[in-house]
Amino acid sequence: MIELADHPATKRIAFAVIAAVLFAGIVAAATKSDDGNVGEGRLTAHGRAAVTDVNGARREVSGVVALHSGDTVEAIDGAMTIDLPDGSTIEGRPAFKRSAATRVKVARPAELMDGDLLVVAKNGTDLVAAGNRLHLDAAHGSPNAMRASRSLAVDASVYRGQAAFDSAGQVRIIPALRALDVSVLGRPPMDFAPLALDENDAWDRRFLGDAIDLDHTLDSYIQSSVTLGTANATTPAYYRSLVPSLANESGLTADLLASSPHSPIDTIIGGAIAGLGHQGDFADRWRRVFAFKDAGARWGLVALDQQVEGAALLREVQSALNTAPLSFAAARRPAGATPTTGPTSTTGPTTTTPTGAGPTTQPPPTSPTTPPPTVPSPTLPPPTLPTLPPPTTPTVPQVPQTGDPVVDGVVNSVNQLLGAVVGQPPSS
């Protein structure tokens, strides 16, 4: 039989394997309870975090650390994730904009002490903050998610699923993409606010990135269509002729259109979302779309709320803008632009050029010192005699007589010719 002592390399490998197994067992024992689940919590600090135990002892940690009931964890530098016994996770971060650094107490349920907290759960979970209790429902597909914030008030914003906000017995069920802010315990508001899209927020980007990008594109369409609007823009037939999904929609009536007055471009976008949606009948979708928009939601969030795919919506809006009459979607003329339709065109809003008018036409307001190239200016001197003096002032000198008849005859002839040119009478 071959002994390990005969093979030093094999012996070292065996010892390394045994050490790795023992280390894994120690980590598992430290982070798991007797029933096989994660203990009171397991922290993964992607930078630095501070852990304060129940006795007030504080230490800074990084990497993976086991937590115990009563520990308070605060993000210092970089994000942090805490795995909870119920299978959910909570995430914190350093101070962000007006929010303080995340500080959370490990308990059942966990307690948000300050800052922002992201909660992600497949099977549902609970969280408490300033006497309020938040319950995130179990998910049927991807894990549900909500953001909770605590400062002077407690805010719950639902990314996916829905959450129950219990404030001293007053319960509000928050749907997805809505937020509830409670500043006084026991007095939650009745209405929800749409989530505010922030492209600089990593959590918003994770769950609402598609809605943020879609909203940017729709904004560019709106900015390029600032001249939208015709006398027919208040009729259902007008939008049926522009938006493909509304072409055969009998539910789009004059009363429904009048119930939510918006600009033509907003009506096109909202109508396309209602036309492409499938939740309820068309009239219900239309009312929900514009009610959510009027509450402050961005169009990208409205489309996500109606489960409308972004690419399909963009095709609808592009088709509508391409089909619209020229006056409907024509770009604005840049400031200072000159007319291009002919020499009698004007760019001023009130100036007209009557037929046969002389050189009294006013120049464009943006170029007050430059007259149109085809209209002569009455204040310019005649171009053919730019250097001649006024006709009443003689400027031609007379050549004196010499006494020689031949020379004097020539001199007289020259004087007479020059005087005739300028209108000066001949000298005697």
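Analyst: Let us begin with arginine 93, which counts as buried because its relative accessibility is 10%, under the 20% cut-off. Please note that this is a predicted model.

User: Which side chains does arginine 93 meet in salt bridges?

Analyst: One is aspartate 116, with an N to O distance of 3.1 Å. Aspartate 116 belongs to strand E7, whereas arginine 93 is in the loop between strands E5 and E6, 23 residues apart. Aspartate 116 is buried as well. Arginine 93 also meets aspartate 201 in a salt bridge, at 3.0 Å from N to O.

User: Where does aspartate 201 lie?

Analyst: Aspartate 201 is in the loop between strand E15 and helix H2, so its pairing with arginine 93 ties together parts that are 108 residues apart in sequence.

User: Is aspartate 201 buried or exposed?

Analyst: Aspartate 201 is buried, with a relative accessible area of 4%. Aspartate 201 also forms a salt bridge with arginine 147, where the closest N and O atoms are 3.8 Å apart. Arginine 147 lies in strand E10, so this pair ties together parts 54 residues apart in sequence. Arginine 147 is buried too, at 14% relative accessible area.

User: Which residues do these shared partners join into one network?

Analyst: The network consists of Arg93, Asp116, Arg147, Asp201 and Asp204.

User: And how many salt bridges are found in the whole structure?

Analyst: The search finds 16.

User: Changing topic: how do helices H5 and H8 pack?

Analyst: Helix H5 (residues 264-276) and helix H8 (residues 310-323) pack at an angle of about 135°, and their axes are 10 Å apart. That angle makes H5 oblique to H8. The crossing is right-handed.

User: Which residues make the contact?

Analyst: From H5, the contact involves Ile265, Ile268, Ile269, Ala272, Ile273 and Leu276; from H8, it involves Ala312, Leu313, Glu316, Val317, Ala320 and Leu321. By class, there are eleven nonpolar residues, one charged residue and no polar residues.

User: Last topic, tryptophan 299. Where is its place, and is it buried or exposed?

Analyst: Tryptophan 299 is in helix H7, which covers residues 299-305. At 2% relative accessibility, tryptophan 299 counts as buried.

User: What does tryptophan 299 touch, leaving out residues up to four places away in sequence?

Analyst: Its contacts are Asp215, Leu218, Ile222, Asp266, Ile269, Gly270, Ile273, Val289, Phe290 and Lys293.

Conventions:
Residues are numbered from 1 along each chain as its sequence is written. This is a predicted model: local features need pLDDT of at least 70, side-chain atom pairs count only at pLDDT 80 or more; totals for chains, interfaces and linings use all residues. Side-chain values use heavy atoms; hydrogens and water are left out. Helices (H or I, at least four residues) and strands (E, at least two) are DSSP runs, numbered from the N terminus. Buried means under 20% relative accessible area, exposed over 50%, partly exposed in between (1.4 Å probe, protein chains only). Contact means heavy atoms within 4.5 Å. Axes are lines fitted to C-alpha atoms, for helices over the stretch in contact, and angles run from 0 to 180 degrees between N-to-C directions. Angles under 35 degrees count as roughly parallel, over 145 as roughly antiparallel, 65 to 115 as roughly perpendicular and the rest as oblique. A crossing is left-handed if the near helix is turned anticlockwise from the far one by less than a right angle, and right-handed if clockwise. Ala, Val, Leu, Ile, Met, Phe, Trp, Tyr, Cys and Pro count as nonpolar, Asp, Glu, Lys and Arg as charged, and the others, Gly among them, as polar. A salt bridge is a side-chain nitrogen of Lys or Arg within 4 Å of a carboxyl oxygen of Asp or Glu.
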